[in-house]
Amino acid sequence: MPVLHLEKHGRIPDEEACKILRFLEECYGRFRPGGLDLVDVDIFENDDLWHSHMAAERRRAGVTSADLDDAFIVAHDAWTGVPRISISLERKQDMSQLVWDGALRHEVGHSILHGALEYYVLPTPSVLTKAAQEFPSLASHLRNIVYLLALSVKDAEVTRLVLSNGHVEDQVAYARFVMEATEQDLQAWDISSIAAEARVLCLVGRLKDIAPAMVLASRPEISCLNLGEVEESLEYLPQELRRALFETMTETLNHLDKDTFTNIQTAAAVSVAKIVEPVMRTSIPK
Ligand SMILES: [Zn+2]
């Protein structure tokens, strides 16, 4: 069981902090991670405090991918070399207790599987570098593409780990919550019609949103979440792109038995073949 080092930012009721720590301790007790000594737990009163603190931490750690914190309910990083779970209590108001529990357990999974700096400072897979040579407008977006692809792989790995510990119900609730298309997703897709590389970013970003759901849909013996629901969450996309996302995630999951870095290479190769090249080559109608 790792030591949980709590840091509060803003006014955090003691009972709320205790509740979260007890929940995390129970998770670690069940997962029994070997070799994980310390986990930082940062709890924020609201999103503003969270954003400003995390922005400073990103700068200090030299993280160069875009600030995509809005995409998270609860977040995990290891920029300091120590796994850290950050939690904004403001987010809790937007979701059910089951989704909240699912999110916390998901982040515990990250701290176990991806609790070292190397999982956050990822090299660019050569297949993406080559794609950027063919399509130069991609070059300035490579860091973000790698970051988003890595998230989709890591989220799939975490979902598998959490499921293997028997937590299905809260993972289904969490997966449904994160895959739902937000107003931001719809707007981003609308705006992306101006440039193919913007479409690539939108699509790769959606891969991470559907990753947990795709893992659950591949386990019908334990999970009630089905592919039809995933398809619904992508219904604003043209049919061929929905299929491209499905195929990319399915093929990535089929090869998800290696280490995270190899899995990211696989996801990159599949994504380039099924998403990046087709989108960059043709202007597919919306
Ligand atoms: Zn995650």
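Colleague: Before we start, what puts two residues in contact?

Modeller: Their C-beta atoms, placed from the backbone, lie within 7 Å. This is a predicted model: local features need pLDDT of at least 70, side-chain atom pairs count only at pLDDT 80 or more, and totals for chains, interfaces and linings use all residues. Residues are numbered from 1 along each chain as its sequence is written.

Colleague: Okay, what does leucine 149 touch?

Modeller: Val204, Leu207, Ile264, Ala267, Ala268 and Ser271. That leaves out residues up to four places away in sequence.

Colleague: Switching to strand S4. Is it buried or exposed?

Modeller: Five of the five residues of S4 (residues 84–88) are buried, so the strand is largely enclosed by the rest of the structure. Buried means 20 or more other C-beta atoms within 10 Å of a residue's own; exposed means 12 or fewer, and partly exposed is in between. Strands (E, at least two residues) and helices (H or I, at least four) are DSSP runs, numbered from the N terminus.

Colleague: Which residues sit on each face?

Modeller: Arg84, Ser86 and Ser88 are on one side, Ile85 and Ile87 on the other. In a regular strand the side chains alternate between the two faces of the sheet.

Colleague: Which way does strand S2 run against S4?

Modeller: Parallel, with five bridges joining S2 (residues 38–44) to S4. Strands pair if DSSP finds at least two bridges between them. Aspartate 42 stands opposite serine 86.

Colleague: And S3?

Modeller: S3 (residues 74–77) runs antiparallel to S4, with four bridges. Aspartate 77 has arginine 84 as its bridge partner.

Colleague: What about glycine 81?

Modeller: Glycine 81 takes a positive phi near 95° in the hairpin of S3 and S4, which has six residues between the strands.
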